[in-house]
Amino acid sequence: MIHLHELHTRRSGLIAAAVLGLVALLTAAFWDYTQDDVFITFAYSRNIAQGEGFVFNPGEHVQGSTTPLWALLLAGVYWITPDLLHAGNLLSGLFLLVTAGFAVDLLRRDTSFFARAALAITLAVSPLIYVSYGMETLFYCAILTGGLWLWHRDRRPAAMIAAAALTWTRADGVVLAGAFGLIALWDSARAIRQDQAVPLRRPWRGLPWRLGLTYIAGIAPWFLFAWAYFGTPLPQTFSAKEEFLQGTRFVRVGADWWDSFYGNNPLTLLAVPLIVLGAWRALISPGLRPLVLWAGLYTTGYTALNVTAFWYYTPLLVALILLAALGGDWLARRLVHAAIDRRIVFGDRRVVVGGAVGLVLICAGLAFVRAWDNHKPPPRMVAYETAGRWIDAHAGPDDSLLVKDLGIVGYYADRYTLDSFGLIVPDMHYTHDTYAAAKYKTDWVLTTQYWAMKQLVEQDWFHYHYAPLAQFSAPGDHEFSPMTAYRRRLDTAPPGQIVSGFDLPLTCIVSLEKGEPVPAKTRARLLDVDGVIRVEAAHPFLWGQYPDS
């Protein structure tokens, strides 16, 4: 005879084994998966491990990584193995299991075994999670769910330390601290109103100062270091990526990402009412309120910033799956009770439970298929690595390089690298490829078929100054390949002697006061030793590539 506790243990063991197997299988499938941005952090981690400091280019203190704690963790990994690509993917799988563990235990008191099993399996097969492998995203999710779990267990100072660690992982971790702080303020205000021992003239004595000071003490070391080391506590990538209050693309593009990763299964739209139900259930459960508040503040914040990279949606997805499990469990209980009471015709309990299990398995199966469809890295990543390694083999040790996408090429080229997007270039006042090439005059430029770089390649002055030396392509990459490595033909300084018929390249420094219009043309005159004008030339100001502003 099997006791109820033994049966529950067996079921829990089977679900845990299934989740572990799914995560292991998909982690193996995504073993070589990567995104370009991952290698920006890898470069910082490598330089930290090699004693160069928290830098992308040795000697330049620019905060181009948005995730200092992940970079520090991978710097420790680099001492064990320089293969950060596979180490990062392995760690992502481990942190996914940690996330699932915290998420299941977070709802243990409020949901049934079946709801928690559905939650764990859904997390284990969600494609939006796996395409974030190698990045800080799963590390972020593990800390996020851990902080929520600590708060739910009424370990509030520890939860604030988790929020501080989340802020070290990515600056938007402040949202979790804000959610905790607002709820603590609300609870304190209610306690003050109910406690006559607290004088109304000094209500601040009852406020949660300890939690606030705990969080400040937790984030202060990094932000003080960043201010002293980089000159600013915010990463350079923040100003390069954000478009504050310039639209609602986070919501609109979020719908596009849903179509990309879950559009093969319209049944996932049934989660929308379940999320609403789950949010209601969480709001009336004091320990779960931070989950709802965090999701709302996080969505509002990224909508205001107008940032839409898919990895910023992954933590929100985890929260929404939690709320859907909470709402789905409540709805299933109501349907079961209605069936038992015969208030409406639903059959017996087995029909409701069987239908819910079948729905979860269908959705999980289709999610697994879509995740498997995305397990190969984008084709251009292969071409980027090939180009980076070629430049490393052929460039001089002091050569400089300009690229569009900074990560993979910059990591493997291992040269002084600038990116025309401005992720590690503070004085990139206009994020345009032509502007960057003309301004910095790097020794090497790697171009792709991306439309903005095609504009650069089509200009005569670029071909006058740069010669193509090698091209790189990857099978299936029709958007970026072929990539071309250009080497600068001429020095930036004018030659000491000129010959008749020779085109003389000149470098012209133009300084303007604020509000002064950009000149329409740049003019040059060549004088002989007697000061007589021998030839004049004029061009539209840098071929019209500077913005009017």
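**Aromatic pairs and a helix crossing in a predicted model**

Good morning. F250, W257, F261, W294, Y298, Y302, F310, W311, Y312 and Y313 form one aromatic cluster. Rings of Phe, Tyr and Trp (its six-membered ring) are paired here if their centres lie within 6.5 Å; planes under 30 degrees apart count as stacked, over 60 as edge-to-face and the rest as tilted.

Residues are numbered from 1 along each chain as its sequence is written, and side-chain values use heavy atoms, with hydrogens and water left out.

The chain has 21 helices and 7 strands; these are DSSP runs, helices being H or I of at least four residues and strands E of at least two, numbered from the N terminus. Of its 549 residues, 45% are buried, that is, under 20% relative accessible area, with exposed meaning over 50% and partly exposed in between (1.4 Å probe, protein chains only).

Let me turn to the aromatic pairs. By the ring rule, the count comes to 43. One of them joins F42 and Y411 edge-to-face, at 6.5 Å centre to centre and with 70° between the planes. F42 belongs to helix α2 (residues 38-49) and Y411 to helix α18 (residues 407-413), so this pair links parts of the chain 369 residues apart. Both F42 and Y411 are buried.

Why does Y384 count as buried? Because its relative accessible area is 2%. F480 likewise counts as buried, at 7% relative accessibility.

The criterion is NZ of Lys or CZ of Arg within 6 Å of the ring centre and within 35 degrees of the ring normal. R170 lies over the face of Y140, at 4.4 Å from the ring centre.

Finally, the helices. The axes of α4 (residues 84-106) and α5 (residues 113-125) come within 10 Å and cross at roughly 160°. Axes are lines fitted to C-alpha atoms, for helices over the stretch in contact, with angles from 0 to 180 degrees between N-to-C directions. The contact (heavy atoms within 4.5 Å) involves L96, A100, A103 and V104 of α4 and R116, L119, A120 and L123 of α5. Thank you.

Definitions and conventions. This is a predicted model: local features need pLDDT of at least 70, side-chain atom pairs count only at pLDDT 80 or more; totals for chains, interfaces and linings use all residues.
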